Amino acid sequence: MSERKKLLQVIDLKLHFPIYGGLLRRQVGAVKAVDGVTFDIFEGETLGIVGESGCGKSTAGRAVLRLYETTAGSILIDGVDIATLSQEELRKKRPAMQMVFQDPQASLNPRMTVAGIIGEPLDEHTNWPRAKKLERIYELMDAVGLNRDFANRYPHAFSGGQRQRIGIARALALNPRFIVCDEPIAALDVSIQAQVVNLLEELQEQFGLTYMFISHDLSMVRHIADRVAVMYLGKIVELAPVSRLYDHPAHPYTEALLSAVPEPDPSLERRKDRIVLQGDVPSPANPPKGCNFCTRCPKVMDICRETEPVTVEVAPGHFAACHLIPQTAGQTGGAEVEHNQTRIQQGEVV
Amino acid sequence: MTDVGTIRPPRNQWWDVWDQFKTHRGAVIGSIVFLLICAFCFIGPFLWEYSATYIDIRSRNQGPSWAHPFGTDQLGRDIFARMMKGGQVSLAVGIAAMVLSVFLGALIGVLAGYFRRLDGPLMRLTDLFLALPLLPLLLVMSMLFRQKLSAMFGVETGMFLMIVTAIAITSWMRTARVVRGDVLALKEREYVLAARSIGTPNRRLITRHILPNVLSPVMVSATLMIATAIITESALSFLGMGFPPDFPTWGRLVSDGIDYLQQYPSRAMLPGVFISLVVLSVNYIGDGLRDALDPRIRGR
């Protein structure tokens, strides 16, 4: 697995939004939307990011493309750290990384035609003659399954699924290698969700794309992703290959999330023990001491309220941050001590 | 539907705008009226035998006749000719002041809304201008610049420049505030973020995504501005701070006619009617344009 080429390396990424207050508008705190996130994405794979609302999934996705200025940490694409590039150098890097947005209604300019929207990246990064651009626009429309005759129409004339296809075509225009899909299916109805996800998979196969797929729909992530990262309150609590994560979740939060997935078989559904979490997510401006999840964890221990757990490798490629793990891992094998401190960097929070 | 023959290449958007504009009845009538008034003011003087300043004291205070369709004034000048000449100035002042004021307002509004660092200073500047009273400001301006401008450009052009500037710099604030508010909302929209993720630089982000979407409020304030500018110009001329007294403008004709309102009411009302017609037709044109420029309304 680690022989494959790492396309994207995110190391200890932090994104804090400052809070100003008081008479002099001084900074009185920060919303720690993303707080020390480390992960890699290999070439050609799909990394799913799941978590509940407000846990920093979308912010992490946007920060990876540097749509927000990061507070700390580095984002390496092909070994180049884009977190510190100047705007002009960043602009030259943009064609390699694109984004598909959540709300297809809001992500298309209502005053531009479909051809204008899909052609905007071409206008920005190429100086092709008009006919060549139009040829490319038609090619993209074919690739995402839009009728070429739609090129002159405006976004308001399309359904949600079609709009999302326009958004995908725009993201594909410059032959990117890496696409951040920020809940691309959350605003669509279920039959269209399947279409769009299948389209994304086809395109991945066709163009060799790498996805960072942000979603709160666990079954959809299971379908599309190769590896899954679970986020809670700005941190990654568990990261594992998809089958491993769904079959052997190591973190209590992942267990709770998975138990909330609807079960199609009614007899199984009735017998199922759901883990229902109590209370709300704590404010990211004032996270709890110790483990972020200690306020709601059903298996909370004293140590959880005191020290923050470090991320350990439970099994090859399966990482989790929980105080329960050294014990569980100890039952299965003795090699956990070497693995323990391999993935680090989460203990230095203010 | 997949027939290749049916695919039309993208055509210029302005054709769609024109197609929609043609279907807006008010806008079409408005444009015709406005064009007729423009023709009356700018082409009329070449065809009409009387000059606006020719004094024929023996035929003063006449009523409408074939020789003088609107009659003559207290000095025997042909009111028809004076209306044409006055219209030139009023229209020019109205349109020039509108263009300048909307340009200033949109520029300041976009800068303040888009760049957070400029927001505070520019909005305080707007507040400052809102607090400026027009007339004392004009008094000061005419005292300071009248001589210089007259010497540089001649009396009429000098006054024209001064009045247009004065009206523009005292009327851009409302546009700026409305535009700023809209820009603040628009720049958080996802399509702006999408454009940024493509790598569109700020200047093209503004011209391509922000400006077209704040067009509606700008258009509305622009059409209202023409009316305000014409009326402000007449107020200034009335106070003797505008054009010289013998120089006809619609506003001046109204204020001249007020003295004779009892005997000859048409003398004050005719220029008033023309001002209203211009304002109304421009409003309808603006209405039609706004609808035609919005793709969501277009085609309905």
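# A tour of chains A and B

Select helix 1 (residues 57-64) of chain A: this helix lies across strand 1 (6-21), strand 2 and strand 4 of chain A, and runs at about 115 degrees to strand 1 of chain A. Contact here means heavy atoms within 4.5 Å. Axes are lines fitted to C-alpha atoms, for helices over the stretch in contact, and angles run from 0 to 180 degrees between N-to-C directions. Helices (H or I, at least four residues) and strands (E, at least two) are DSSP runs, numbered from the N terminus.

The model is predicted, so local features need pLDDT of at least 70 and side-chain atom pairs count only at pLDDT 80 or more, while totals for chains, interfaces and linings use all residues. Residues are numbered from 1 along each chain as its sequence is written, chains are lettered from A and ligands numbered from 1 in the order in which they are written, and side-chain values use heavy atoms, with hydrogens and water left out.

**The sheet of chain A**

Next, select the strands. Four of them form an open sheet in chain A with the order 2-1-4-5 and antiparallel pairing. Strand 2 (26-42) and strand 5 (80-81) of chain A stand at the edges with a single partner strand each, so one side of each has no neighbour in the sheet. Two strands pair if DSSP finds at least two bridges between them. Strands of a sheet pair through backbone hydrogen bonds, either parallel or antiparallel.

Go to strand 1 and strand 4 of chain A, which run antiparallel and are joined by five bridges. On this pair, A:Lys14 stands opposite A:Ala72 in strand 4.

Now move to strand 4 (residues 72-77) and strand 5 of chain A, an antiparallel pair with two bridges. A:Leu76 is opposite A:Asp81, and A:Ile77 has A:Val80 as its bridge partner.

**Where chain A meets chain B**

Show both chains. In contact are 33 residues of chain A and 32 residues of chain B. Together the chains bury about 3,100 Å², 51% of it on carbon and sulfur atoms. Select A:Arg111, A:Asp149 and A:Asn152, which supply 23% of the area that chain A buries against chain B, more than any other three residues. Buried area is the accessible area (1.4 Å probe) that two parts lose on being put together, summed over both.

Four salt bridges are counted between chain A and chain B. A salt bridge is a side-chain nitrogen of Lys or Arg within 4 Å of a carboxyl oxygen of Asp or Glu. To see one of them, select B:Arg208 and A:Glu120, whose side chains meet at 2.9 Å, N to O.

Then colour the elements of chain A: strand 6 (97-100), helix 3 (114-125) and helix 4 (130-143) each give two or more residues to the side that touches chain B. Helix 3 of chain A gives the most, with six residues.

**Chain B**

Finally, select chain B alone. Its secondary structure comes to 13 helices and zero strands. The C-alpha atoms of chain B fill a box of roughly 75 × 55 × 35 Å, taken along the principal axes.
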